[in-house]
Structure formats: C-alpha cells, structure tokens
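Hi everyone, thanks for coming.

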Amino acid sequence: MPSLRSAKNAPGSASVLRGFLNRTGVRLWPLFCVLGVSATFAQQGPEMLTYDEIIQLYKEDVPPEPLAGKLQRLLSAPFVDNNASDAGVTPVKPTVRQVGPVLRAVQWNIERGLEFDAIQFAFSDPKKFAGVMEDKGSKADDAAVQHIRDQIVLLRDADLIVLNEVDWGVNRTLFRNIAGELASALHMNYAYGVEFVEVDPITMGIDQDVIIREVKETYAEPGDRQPDVIERVREVMRPDPLRYRGLHGTAILSRYPLRDAKVIPFQKQGHDWYADEKKRTSPFAKAQGKAGAIVFKEQIIRQVRCGGRMMLMADLVSSDLPAGRITVVATHLEDEATPAARCEQLEEVLHQIAPISHPVILAGDMNTSTHDGVPTTVGRMFKDRFGSGKWWFEEGVVSAINYTTPYGLAASASKTLIGFVRSVDDPTEKSLPMIGTNPEAKFFSRLDEFRFEDGGRFDFEGEPERSSNGRSGKLANSNERAEKGFVPTNELGEKFGPIGQFKLDWIFVKPGKLSHSPGSGVAYAFTPCFGRTLKELNHSLPNRISDHSPITVDLPLGGGSQPTTAMLQH
C-alpha cells in the first residue's frame, strides 16, 4: 500500500468524565433541565460512581439515597479541561485560498471510539494512520491513498471537533477515556457530557461465561476463527472493577478556551433505555442463570442504560472569533424514536439558543433516517458490544449466526424492519420517492424558519461558489451534496449497495450576521463554506473506522473575500 506522508504527532494520556441520567424512580428530567450546571475551569467534574454502585443501578429500578443523590450530582455538570489553552496552545486557523483564515469544524460519530488508533491518527499523523491501514489489511490504491491523505490534512487543521458516541471506562473500548486521551494527543481542550451510564451486566463483563458459551453454541460449523473470537470475547468481557466507569456520551474538543459548558437533558426522550431495554431480558434467563439462543440474541440487541439524550453546550472564547465568542451545541438525537419525537428534541435545543446574539454552531448525529430506528447489521452489533475485531464481518461468523430474532434481525439484514432498509438521499425534501411524505421534512423546515431573538438565522444557503464540489441547493455550503441529495454519512455496508445509506450527521451555523440576499457578499465572515463528508477516510479500513463518516465545514474568520469558482481548485 502506498505510504502517507508523516506529520507531527502528539503524545497521549488520559483524564475526563462527566455524566447525566434520566431515571431514578422519580423522574428527574424537569429538575435537570432547570439545573444546567456550568463548569468553567480546567479539570472540573463531579464524583464518579463506584463499580458496586453501577451494579446496584441495574439491580434496583429505584435507587435509594444516597445513590440517587450522587447520580443527580454526577449527571448535572460536564467534565471540562482547558489544560491545552493553559499550556499556551493556540488555534491553527488554517488559511483557505481567497477566503483567508478559517475555523475548521468537524463532527463525527465515532461509534464509541472502537477504532481509537485510527481516529487519533486520522486527526494527527498520516504516517501512523498508514500503519493502521496496513495492519487492518487495507487494499487502497494510489488514488484512494491520495484522497485519504488530503482528508487527514483537513482533519489535522480542525480547531473544533464535535464527537458523538464517546466511551469512558467501558470494556469494549479497553476502558479508555476516549475524549480525554484524544484531546491530550491533539493538544486540545475538551468538554464531555455523558448521555448514559452503561449498567448492563453484559457490557460490564459480569455475564462473561454466559456470553462465551452462547458464542460457542451459536456456531453451526465451528471453524478456525472460533478460537480467535472466543479469546477476543473473553479478553474484552473480563470484569475490571477498578477501571470500569460505564460512561457514554458526547464531547467537544477545541483549541480555543471553553467557557460556560453545561449539559441540558431533553425532557422528551422518546425511548427509555433502562425500562424498555430491561424488558428484552427473558425471565427464563433470570431464573435459570443461563440463556438459550433466543435469549442470547435478545441480549446482543439490548442496551440497559441509565440516562437519555441531551445537549452539550460550550462557548469558545477568543478575539479571533466574531463578537469574541461563539456557542457550540453538540447533540445526539434519539434514534429509537419517531421523527416527531426528534422534532420535539429540536424544539428544546432552539428554546435554549434563541436568546444568543453571537454565532452558533449546532452539530451532531440528528438521526434523520425518516424512521424510528437506524438499521444496523449483526456484525456491527457484535463489534459495538465486544469491541473491534475483524471476525464480526467475516463470512464464517455471518453464516454461523444466520438466524432471525424477534426483532427482525438477520446476519445480513438490518436491526429494524426490512422495509426500512432503503436509501434516503435528501431528508430535507418534503416528499421522497417511493416513500411519499417525508417525516423528517418538518425538522428541516423548522430549522430553516427559526429566527433567533436578534433576527439571526441558520445559514441554509447552497451557492456553488461556497460548496466543496460546485453543487448548489439547500444547505450545500455547510453539508456536502451529492448528485442526488446529500452524501450519506451512515451506511449498512457494501453488500447492501445503494440501499441503507443515510445522511444522519449535520452541521448548522448561525453566522454573526447573515445577508438576506444570498451571494451579495455582505457579512461574509463566519458563513459556512465547503462542507465535506470524508467517506474515503472512513472507508480506509476494510470494515470502516466508524459506522458514520466525519463531516467538516470551514467558517471564515474575516480578512478574505467572497469565494469564486477558482476556490474550487483548492
């Protein structure tokens, strides 16, 4: 495989956490929404839960005091670390031809951080990233490697990164503090808000023997791969009370100082990840202490968690920025909910940001799939449960677990109904081919029509001069459009071809001032340019880095001019 050029790499270390919950017998959502506790100094964060307390959360639907109070304190404030700025780190502010210096923003659902090395080197070191590709058996040709190299450079110069699905202290990601280690490696500040505390005994490794036995029994024709699979499961599922924290959430990384960070849980959840998921556990398994094939399938699907969806907000502060400050809103809307429920979550976001008079960046996995649930495959679910490993995607494993669950799961099909496995090119349109009325259309029309109290709005423009590929259309400047609709950010995999591809991840930007005359050049500073979806980078590994591709956008800081078609050569 052709080599990638080397780049400066930063050392790694660890240090983060924070969290939030939606359940303790008495529902705490209204209280949490009122709290919105802030953290503004480096290395701030609430007290952690102990291993025994996390086990207790699973066993007792209504946790007693003082555990309930500890949960409330844990889950009402983010972890914030401004050590990078304290150490003198300054933003890169890459210069884009004709536009001038920009704030480059990235959003990426990193699928828990399962491929941590690939993620870290994608943001920092092309040479080491090439090593990961070689280790994973990449067959990228010269042209693909060139695309990957260019996309790593784009990520390396990003001064703002929003990450969804970020683990801290979980078996499947080797107990890493994903946000903390990545921030340290990239010399960035970070804020981390937890959506969920993972309390499922399988996730914690407590039911290791059950799962190992069932993995063995699931094989119809055990082959040479089985020992590797069993050993991997045994390694990942080994309980570790000292390192287990069970946190999963959203992070903001920035080379600008982070101020006024806060977590605001949604009042409208759409899915109860504790009560609803517990129902998927067979009473027989509870009574007998062992599981048959049906129970095993249920356990792989379920995720028993305390918590729910939220928004993580933080201000970036610098004289470089318009008005000296911008607000970043990072969120992950509920996938196990209807589009209408996601619209209700959006309304809560808009309510929070309406009074803001300076620029705003809203980014995250919005799960705009047109349905209540995003499809996934058996291989992906095994990886999400037990960590990275090539076995989950090989034919031996696929044929060995080729069964159907009560939820319609098959080895090569989706988690949800087969009728849902379809392509949704443009969720912003009012109607979609073969679907009819688009249930996601309200989400985008509401965003488009929304006005801040100062009269500002999100930039929905699509001028070809400001898009990365010369295409036009709604949101083309901030999110990359394809020949039809948008470049998808989430895919089931190659075997599904064009079906099962979705644009779920978005970046929306409120500039400091937005002209009512698109293309006039008025108040160009901080209006989004050259939105990109880095599919080649994400697909550089045989089974992808994540089930979502990263997206980027450039936000001019001033000093440049209105871009022209010449800019497209950049």
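In which hand, left-handed or right-handed, does α15 pass α18 at their crossing? It's a right-handed crossing, where right-handed means the near helix is turned clockwise from the far one by less than a right angle, and left-handed means anticlockwise.

Quick background before I go on. This is a predicted model, where local features need pLDDT of at least 70 and side-chain atom pairs count only at pLDDT 80 or more, while totals for chains, interfaces and linings use all residues. Residues are numbered from 1 along each chain as its sequence is written, and side-chain values use heavy atoms, with hydrogens and water left out. Helices (H or I, at least four residues) and strands (E, at least two) are DSSP runs, numbered from the N terminus.

Back to our pair. Helix α15 covers residues 339-353, and it packs against α18 at an angle of about 15°, the axes being 9 Å apart. Axes here are lines fitted to C-alpha atoms, for helices over the stretch in contact, and angles run from 0 to 180 degrees between N-to-C directions. So α15 is roughly parallel to α18, since angles under 35 degrees count that way. Who meets whom? On the α15 side we have Arg 342, Cys 343, Leu 346, Glu 347 and Leu 350, and they meet Lys 442, Phe 443, Arg 446 and Leu 447 of α18. Contact means heavy atoms within 4.5 Å.

Pro 464 is partly exposed, at 31% relative accessible area; the scale is buried under 20%, exposed over 50%, partly exposed in between, using a 1.4 Å probe and protein chains only. Pro 464 and Cys 529 are 65 residues apart in sequence, yet 9.9 Å apart in space, C-alpha to C-alpha.

Another loop, between β8 and α12, holds Gln 269. Is Gln 269 buried or exposed? It counts as buried, because its relative accessibility is 7%. A polar atom of its side chain lies 2.8 Å from the backbone oxygen of Phe 266.

Now look at α3, residues 67-74. Six of its eight residues are buried, namely Leu 67, Ala 68, Gly 69, Lys 70, Leu 71 and Leu 74. What covers them includes α2.

Notes. A polar contact is a pair of N or O atoms within 3.5 Å; within protein, one must be able to donate a hydrogen and the other to accept it, and residues adjacent in sequence count only if both atoms are side-chain atoms. Angles under 35 degrees count as roughly parallel, over 145 as roughly antiparallel, 65 to 115 as roughly perpendicular and the rest as oblique.
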